[in-house]
Every structure is written in C-alpha cells, then in structure tokens.
Amino acid sequence: MSVDTLLQSLDIVFSWPLFGWLIVGILVGIVLGALPGIGPAAGMAIALPITIALDGITALVLLIGIYNGGMYGGSIAAILLNTPGTSGAAATVLDGYPMARSGKVREALSISAVSSFIGGLGTGILLLVISPLLMEVVLAFQSPERFLIAVLGLSLITIIARSSITKGIIAGSLGLLISTIGIAPMYSTPRYTFGMFGLYNGVHFVAVLMGLFAISEMFVLAAEKGAISKTTESRGSVVSGIRSTLKRPITLLKSTLIGLGIGSLPGAGATISNFVAYSEAMRSSDSSDSSDSTNFGEGHPKGVVSAESANNSTVGGSLIPTIAFGIPGSGSTAVLLGGLILHGLRPGPDMFSSQLHITYSVFISYLVGSFIILVAGLFIIPRVGHYITKLNVDYIIPIVVVLAVFGSLALRNNWMDVFTLASFGILGFFMKQYNYSLIAFVLGVVLGPIAESNLHRSLQISNGSWMVFVNRPISLILVLATVFVLFGPMLFPPIRDRISEQLG
Amino acid sequence: MKEENANLPFPEVGLLLLFFVASTFMYIESYSFPSEVGRFPQITSFVVVIGSVALLGKRFIPDSIMDLLPDASTGSSGLGSMTDDFEVNENEPEGDSNYDAQIRFGGLMVLYVVSSWLVGLIWTTPAFVALYLYLTDKPWYTVVALTIVSYSIAVLFGLVMSMDVQSGVML
C-alpha cells in the first residue's frame with residue numbers, strides 16, 4: 001500500500017466541502033433507502049447529472065455516500081414496516097420487525113446501525129489492505145483479457161439476475177446494441193445516426209440509467225396508494241441495542257466476510273449476502289446465545305446483526321469488480337460506474353496507478369461513511385425514522401421526474417437525452433414487469449464501448465487472429481468460465497440425472 | 001410444459017416484437033458500415049434477433065428442447081434467482097385502478113417532456129407537478145408548496161447549469 005497516497009487521500013476526504021458532500025450523500029441515501037421502491041440506485045441515478053458540476057472525486061464520494069446510506073436505510077423500513085426498503089434488507093425483516101412489534105424498535109434500529117457500522121468499517125480496512133494485491137491482478141490484464149472480462153461479466157449477470165438465461169442474454173445484447181449508436185470507437189464512422197447531429201455522440205448512458213432506474217421505478221410507485229407507513233412511534237433502548245451487537249463479535253466477523261466475498265462477485269449483491277449471513281447465524285446459533293430465549297424469526301437480535309453487517313459490507317465488496325474491471329454487480333454499482341466514466345475515469349489499471357488516490361479516496365469515504373451512519377443511526381433515526389416512512393409516494397413521483405428531466409438535459413444540453421430518459425423509462429418498466437434484467441441491459445450499455453474497443457485493439461495486435469483470446473492462460477480461463485456460466489445450467493441437470501441413473 | 005410456456009402476455013409480445021424489429025433493422029444496416037465497424041453491431045443484433053424469435057416462437061418449440069432452456073416462466077435460472085438491489089416492490093398492478101394510475105403517470109410524463117421541448121421548461125414544470133398532484137387528490141396546500149418547489153428547481157437549474165429553460169422549439 002502506498003502510504004503517501006493513502007495520506008493524500010485521507011487529506012482529500014476530510015477536506016471541505018468534500019466531507020460535507022459525503023454527509024449529504026449518506027443522509028440522502030438513508031432517506032431513499034428507507035422508502036421501499038426507491039432505493040439507492042434511483043437516487044444515485046438522479047444525482048449523477050448533478051455531479052457534473054462537481055469534480056470527479058467529490059462526485060464519486062457523493063455517490064458512494066448515497067449507496068452506503070441507502071443500504072443501511074433499507075433496514076428502517078424493514079424494522080418499522082415489515083417491508084425491506086432495499087432487497088439487501090430482506091433478511092432484516094425476519095427478526096427486525098418482530099423486535100419492533102415487541103416494543104424494541106429503538107433497540108432494533110440501533111443494532112442495525114452498529115452492525116452496519118462494523119460491517120462497513122471492517123470491509124473498508126480490508127479493502128485498503130488488499131488493494132496492492134488487486135493492483136497486481138489488474139495490471140496482468142491486457143486488451144484481450146479486458147474484452148473477455150467484459151463478456152464474462154455480462155454472462156454472469158444474465159445468469160444470476162432475476163430472469164431466464166434467454167431473457168438475460170437478450171437484455172444484455174440489447175444494451176450492447178444500443179451502445180453502438182453514434183461514432184464507432186477507434187474509427188470515425190457514424191452508426192445509426194440517421195444524419196441527426198444529436199445522435200453523433202450516441203445515446204448517453206446516464207440518461208439511459210436515469211430512465212431505467214428512476215423513471216421506471218416511478219411507474220411502479222404510481223400504482224401504490226397512500227403513505228407507505230402506518231406504524232406507531234419509536235420505542236425501546238438504544239444502549240441495549242449497542243450491547244446486543246457488541247456481544248456477538250464472531251457473528252459480526254463472519255457476516256462481514258460473507259458480505260465482502262459475495263459483494264465482490266459481479267451479479268451477486270446484497271440480497272444474497274444478507275440471507276447467507278442470516279442462514280449462517282441461524283445455523284451456528286445455540287441456546288446459550290439467546291439471553292431471552294427468543295427464536296430466530298421471532299425477534300432474535302443475532303438475526304438483525306448478521307443481516308445488517310453483511311449488507312453494508314457488500315457495498316465495499318462490490319467496489320472491487322467495479323473499480324478494478326468496470327463490471328458493476330448491481331444497479332447501484334452500475335450507476336457508480338457511470339459516475340466514473342462521466343468524470344473521465346476509466347476502471348482498470350489506471351485506478352490502481354496514476355489514479356490510485358481516487359481509489360483510496362473512494363475506499364476511505366466508504367469507511368468514514370460508516371461512522372456517519374453510526375451517528376445518524378444512533379442519534380437521529382430512532383427519533384425520526386418513522387416520519388420518513390410516512391411520506392406519500394405521490395409527492396415523491398413528480399419531483400423525481402422533474403429532477404430526472406433537468407438532469408438529463410443538463411448532460412449535454414441535448415433534448416435527445418430527455419427523450420432517451422422518457423423512452424427508456426417506459427421500456428425499463430415493461431422490461432421489469434416481464435423479467436428482462438435491467439442490470440444486464442445497463443451492463444451492455446456501459447460495457448459495450450469498453451468491450452468493442454478492446455476487441456478491435458486485440459484483433460489489431462494479433463493481425464486479425466481470434467486465437468489472441470485463448471493463447472494466454474488468463475484469457476483461456478476467462479473463455480472457459482464464460483462457456484461454463486452460459487451453458488453449464490443447461491448441461492448439468494442431464495449429466496447429473498445420467499449419473500444418478502447409473503449409480504441408482 | 002408446452003402449455004405453460006405457450007402464451008406470453010400481450011404487452012410482452014409487443015416488447016419482443018419491438019426488440020425483433022429494431023435488431024433486425026440494425027443487423028441489416030450494419031452491412032452498410034465498413035467490416036470492422038459493422039462487426040460488433042452484427043453480432044449483438046443477431047443475438048437479439050435469435051433470442052426474440054426463440055421467445056416469440058416458443059409455443060412451436062418441442063418440449064424436449066424447451067426442457068433444456070431454463071426460462072422465467074418456470075422460475076428456474078440454473079444458479080438460482082435474486083433480485084436486483086433496487087427491485088424491492090414486486091407488486092403487480094392490482095386491478096384496473098392501479099393500472100390506470102400508471103397510464104396516467106406515463107401520459108403526463110410524456111406530455112410534460114413533449115410540451116417542455118416545444119415551449120420550454122420554466123412553466124411546464126410547475127404545471128406538470130400541479131396537475132399530477134391535483135389528479136391524485138392531494139390537499140391544495142401541498143399542491144401549492146410542491147409547485148413552488150418545482151418552479152424553484154427550474155430556476156435553479158437555469159441559473160447554476162446555464163440551461164435555457166425559457167424557450168423551446170416553438171417559443
């Protein structure tokens with residue numbers, strides 16, 4: 001780890017107004033995360049064009065703040081409303097809401113805050129420690145490997161996302177196809193512009209992101225009626241929540257590592273990590289752990305501890321493929337990747353060499369953000385959390401649309417971007433309705449230019465020979481991994497059945 | 001299995017037809033570009049065409065082949081399924097009133113975008129917010145308050161981002 005760069009990054013994060021933007025991001029993220037159906041991805045998408053007015057590091061810190069705060073904020077609705085604010089808080093519902101029902105609202109909320117803090121703190125430290133190793137791995141990747149990792153990332157998402165393989169591949173390929181509109185990378189030939197100057201720079205991916213994540217969500221919310229919450233005020237003890245969390249260090253450690261590990265896999269987000277951590281906590285629990293003989297699913301504090309520490313550490317884990325390879329693992333990291341590219345930063349080797357101070361600033365702001373979450377979670381949320389969830393969705397919808405329209409126009413002062421926003425908002429709604437993965441689509445739009453330029457560069461290096469994609473060990477492994485991911489689910493059941501028949 | 005997979009909802013058929021038509025056009029058009037430039041759109045549009053045809057025509061595909069293809073209609077995706085991190089509400093529109101609310105929202109949004117392009121954002125923005133809140137039966141004071149907020153957003157963007165919010169293609 002470069003100590004000078006680390007100190008430089010610390011200086012950057014704690015400077016003003018960047019630190020102020022981190023606080024703003026965390027608080028906005030908490031509010032958005034607490035509103036079921038909104039979530040950090042939509043908030044980050046709205047904030048993205050606004051970050052044009054900021055420098056690159058400040059923009060990323062703001063987006064990380066919203067992401068991190070949103071992950072914690074999901075637990076507020078989970079505990080108060082029996083509805084996870086984000087899918088990463090789904091397991092928190094299982095014990096958080098029963099705790100609230102039994103009069104331990106503040107205890108549940110403070111367990112969530114402390115667990116999220118410890119998960120984020122542990123992961124942030126680990127990220128800084130392993131960054132030199134990441135650097136070595138990233139530098140070993142050349143153009144063929146960068147093309148193949150983009151393809152692998154797309155194929156992983158299409159499999160793990162909530163859709164069929166066929167629909168996932170359609171969505172990912174459609175995104176790649178959309179990215180071909182405009183001037184071709186490495187050549188000066190316009191494609192699919194129909195002579196319209198507004199399309200020469202292609203479809204702006206930020207407008208696409210805002211349409212898919214923010215506008216399509218508003219369609220879903222428009223069908224909701226009334227306020228989200230009808231619950232009572234907060235009660236219980238914050239101090240008992242802190243004690244409850246701190247007396248479970250093994251659970252905290254395991255859940256943090258689970259979140260980091262699963263978060264670093266493209267496509268495997270907080271939904272998986274919080275359930276895996278919850279299941280592990282349940283499996284390893286014994287009667288001596290329960291001070292009041294509550295079972296899991298009936299308000300056991302360990303259930304909230306495991307789920308919440310895992311989902312916030314997933315945020316940190318997901319930064320690894322995003323920054324190192326440009327492969328976002330979720331909607332939020334897709335928007336974060338959009339932020340990187342919008343500010344002229346390329347994921348990959350540069351982020352671990354000439355731009356290492358930016359990478360460290362991102363990791364440090366994630367780590368520092370955990371402290372802000374702790375303060376907000378212990379001193380503010382137990383008092384006012386229930387007000388957030390009483391907001392009526394009909395007040396949120398028109399304001400989000402207005403911000404999205406202005407945001408998209410602000411990108412290039414080009415009305416094509418506003419039409420893109422509206423079109424992809426409608427398209428995104430229908431794609432979600434019928435299980436066409438939006439993550440795969442967004443990945444295609446974002447990774448398309450990266451994949452295509454590396455494809456061309458690789459073929460130029462090899463004088464047109466496609467063997468360049470299999471003649472190095474790393475690239476061969478990536479090809480095999482892609483084939484396995486795409487065709488394994490089709491081949492394994494028949495092979496498994498055949499083996500069972502023969503054995504049986 | 002064949003019956004289960006036979007009928008796609010009508011809107012999904014429309015979606016797939018849109019994908020099919022757009023990708024077919026882009027595939028054909030890609031041959032008008034130089035070979036290196038057309039390669040990527042050819043590959044990607046071809047995949048979309050094949051995928052769309054496969055889903056549109058699945059009622060005609062034999063069961064033995066369909067069994068090899070995990071599909072959303074069976075809920076199976078090989079390695080398990082998960083939600084994206086922003087997709088929490090999985091509510092289907094319950095009845096006509098919710099679907100009407102979505103149509104209303106979509107219509108107002110399109111009207112807002114088109115009218116803003118024609119005459120500028122400065123007045124269409126508060127009008128959109130006021131109209132949406134009025135149609136959703138919100139108290140008058142919240143309508144007024146959010147209308148003022150939206151007008152302020154328009155003015156702020158005009159000043160800070162140097163955007164032309166006063167005029168459109170017609171005015």
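Biologist: The side chain of B:Ser116 reaches a backbone oxygen at 2.6 Å. To which residue does this oxygen belong?

Modeller: The model is a predicted one. B:Ser116 is part of helix α5 (residues 95-119) of chain B. The backbone oxygen that its side chain reaches at 2.6 Å is that of B:Tyr112.

Biologist: Is B:Ser116 buried or exposed?

Modeller: Residues count as buried when their relative accessible area is under 20%. For B:Ser116 the relative accessible area is 0%. B:Ser116 is therefore classed as buried.

Biologist: With which residue does the side chain of B:Ser116 make a side-chain polar contact of 2.7 Å?

Modeller: Leaving aside residues up to four places away in sequence, B:Ser116 touches A:Trp415, B:Leu121, B:Thr124 and B:Gly168. Among them, the partner whose side chain is joined to that of B:Ser116 by a polar contact of 2.7 Å is B:Thr124.

Biologist: What percentage of the 171 residues of chain B count as buried?

Modeller: Chain B contains seven helices and zero strands, in the order α-α-α-α-α-α-α along the sequence. Of its contacts with a separation of 6 or more, 58% are between residues 24 or more positions apart. Of the 171 residues of chain B, the share that counts as buried is 42%.

Biologist: Are α2(B) and α3(B) roughly parallel or roughly antiparallel to each other?

Modeller: The axes of helix α2 (residues 10-30) and helix α3 (residues 35-56) of chain B come within 8 Å and cross at roughly 150°. Angles over 145 degrees count as roughly antiparallel. The two helices, α2(B) and α3(B), are therefore roughly antiparallel.

Biologist: How many charged residues does the contact of α2(B) with α3(B) have?

Modeller: In this pair, α2(B) passes α3(B) in a left-handed crossing. Residues making the contact include B:Phe19, B:Phe20 and B:Tyr27 of α2(B) and B:Pro41, B:Gln42 and B:Phe46 of α3(B). By class, the contact of α2(B) with α3(B) has 14 nonpolar and seven polar residues, while the number of charged residues is none.

Biologist: In chain A, are α6(A) and α13(A) roughly parallel or roughly antiparallel?

Modeller: The axes of helix α6 (residues 105-139) and helix α13 (residues 301-325) of chain A come within 7 Å and cross at roughly 30°. Angles under 35 degrees count as roughly parallel. The helices α6(A) and α13(A) are therefore roughly parallel.

Biologist: How many nonpolar residues does the contact of α6(A) with α13(A) have?

Modeller: The crossing in which α6(A) passes α13(A) is right-handed. By class, their contact has one charged and ten polar residues, and the number of nonpolar residues is 14.

Definitions and conventions
Residues are numbered from 1 along each chain as its sequence is written. Chains are lettered from A and ligands numbered from 1 in the order in which they are written. This is a predicted model: local features need pLDDT of at least 70, side-chain atom pairs count only at pLDDT 80 or more; totals for chains, interfaces and linings use all residues. Side-chain values use heavy atoms; hydrogens and water are left out. Helices (H or I, at least four residues) and strands (E, at least two) are DSSP runs, numbered from the N terminus. Buried means under 20% relative accessible area, exposed over 50%, partly exposed in between (1.4 Å probe, protein chains only). A polar contact is a pair of N or O atoms within 3.5 Å; within protein, one must be able to donate a hydrogen and the other to accept it, and residues adjacent in sequence count only if both atoms are side-chain atoms. Contact means heavy atoms within 4.5 Å. Axes are lines fitted to C-alpha atoms, for helices over the stretch in contact, and angles run from 0 to 180 degrees between N-to-C directions. Angles under 35 degrees count as roughly parallel, over 145 as roughly antiparallel, 65 to 115 as roughly perpendicular and the rest as oblique. A crossing is left-handed if the near helix is turned anticlockwise from the far one by less than a right angle, and right-handed if clockwise. Ala, Val, Leu, Ile, Met, Phe, Trp, Tyr, Cys and Pro count as nonpolar, Asp, Glu, Lys and Arg as charged, and the others, Gly among them, as polar.
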